[in-house]
Amino acid sequence: MSNFSRYYLQQMGITLWQCHKPEQFPHLASQAEKIALPKHCQILIIANDKLAPHNQFINQILRTLQLELNQSHIITEEELQYYYQTPEWIWTIGCKQSELAAKKQLSSPHLDVLLHSAQAKKQLWQQIVGYM
């Protein structure tokens with residue numbers, strides 16, 4: 001299903017369901033469709049809940065990485081299974097490390113914790129400096 005179709009269904013209030021045991025429905029396997037990341041995507045931000053893309057802290061981190069907001073793509077942990085490409089950067093916020101093997105990976109606690117914890121910010125900064 002295309003991003004547009006997902007968005008359209010979401011706007012109509014229709015919930016998308018995920019099959020937890022696809023092996024029981026082998027005839028549906030061919031319908032499973034993976035999505036390519038947007039061409040502009042240099043960093044994939046994966047969070048356990050939907051983040052506001054214009055969050056000031058996220059923008060500061062992106063500028064530190066010499067990236068712009070329009071070079072990022074923000075998804076939830078559940079949406080990750082629909083993507084097959086790996087960008088240069090992956091930043092997981094408040095969720096487990098991604099199974100995608102990006103060249104550069106950052107991991108941090110939930111954004112609320114990150115904003116109020118000097119130790120969490122320091123750990124994120126140390127990860128960033130390791131790639132510079």
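Q: What should I know about the model before reading it?
A: In this predicted model, local features need pLDDT of at least 70 and side-chain atom pairs count only at pLDDT 80 or more, while totals for chains, interfaces and linings use all residues. Residues are numbered from 1 along each chain as its sequence is written, and side-chain values use heavy atoms, with hydrogens and water left out.

Q: How many helices and strands are there in the chain?
A: Helices (H or I, at least four residues) and strands (E, at least two) are DSSP runs, numbered from the N terminus. The chain has four helices and four strands. Along the sequence they follow the pattern α-β-α-β-β-β-α-α.

Q: What order do the strands of the sheet have?
A: Strands of a sheet pair through backbone hydrogen bonds, either parallel or antiparallel. Two strands count as paired if DSSP finds at least two bridges between them. Here four strands form an open sheet in the order 2-1-3-4, with parallel pairing. Strand 2 (72-76) and strand 4 (104-108) stand at the edges with a single partner strand each, so one side of each has no neighbour in the sheet.

Q: Which residue stands opposite Ile-45?
A: Strand 1 (residues 43-47) pairs with strand 2 in the parallel sense over five bridges. Ile-45 stands opposite Ile-74 in strand 2.

Q: Which strands does helix 2 touch?
A: Contact means heavy atoms within 4.5 Å. Angles run from 0 to 180 degrees between N-to-C directions, and axes are lines fitted to C-alpha atoms, for helices over the stretch in contact. Helix 2 (residues 56-64) packs on the sheet and touches strand 1, strand 2 and strand 3 (89-93). The direction of helix 2 makes about 145 degrees with that of strand 1. Helix 4 (residues 118-131) also packs on the sheet, touching strand 3 and strand 4, and its direction makes about 175 degrees with that of strand 4.

Q: How many disulfides does the structure hold?
A: A disulfide is a covalent bond between the sulfur atoms of two cysteines. The test is a pair of cysteine sulfur atoms within 2.5 Å. The structure holds zero disulfides.

Q: Is Cys-41 buried or exposed?
A: Buried means under 20% relative accessible area, exposed over 50%, and partly exposed in between (1.4 Å probe, protein chains only). Cys-41 is buried at 8%, and Cys-95 is buried at 13%.

Q: Which residue forms a salt bridge with Glu-88?
A: A salt bridge is a side-chain nitrogen of Lys or Arg within 4 Å of a carboxyl oxygen of Asp or Glu. Glu-88 forms one with Lys-104, with the closest N and O atoms 2.9 Å apart. Glu-88 lies in the loop between strand 2 and strand 3 and Lys-104 in strand 4, so the pair ties together parts 16 residues apart in sequence.
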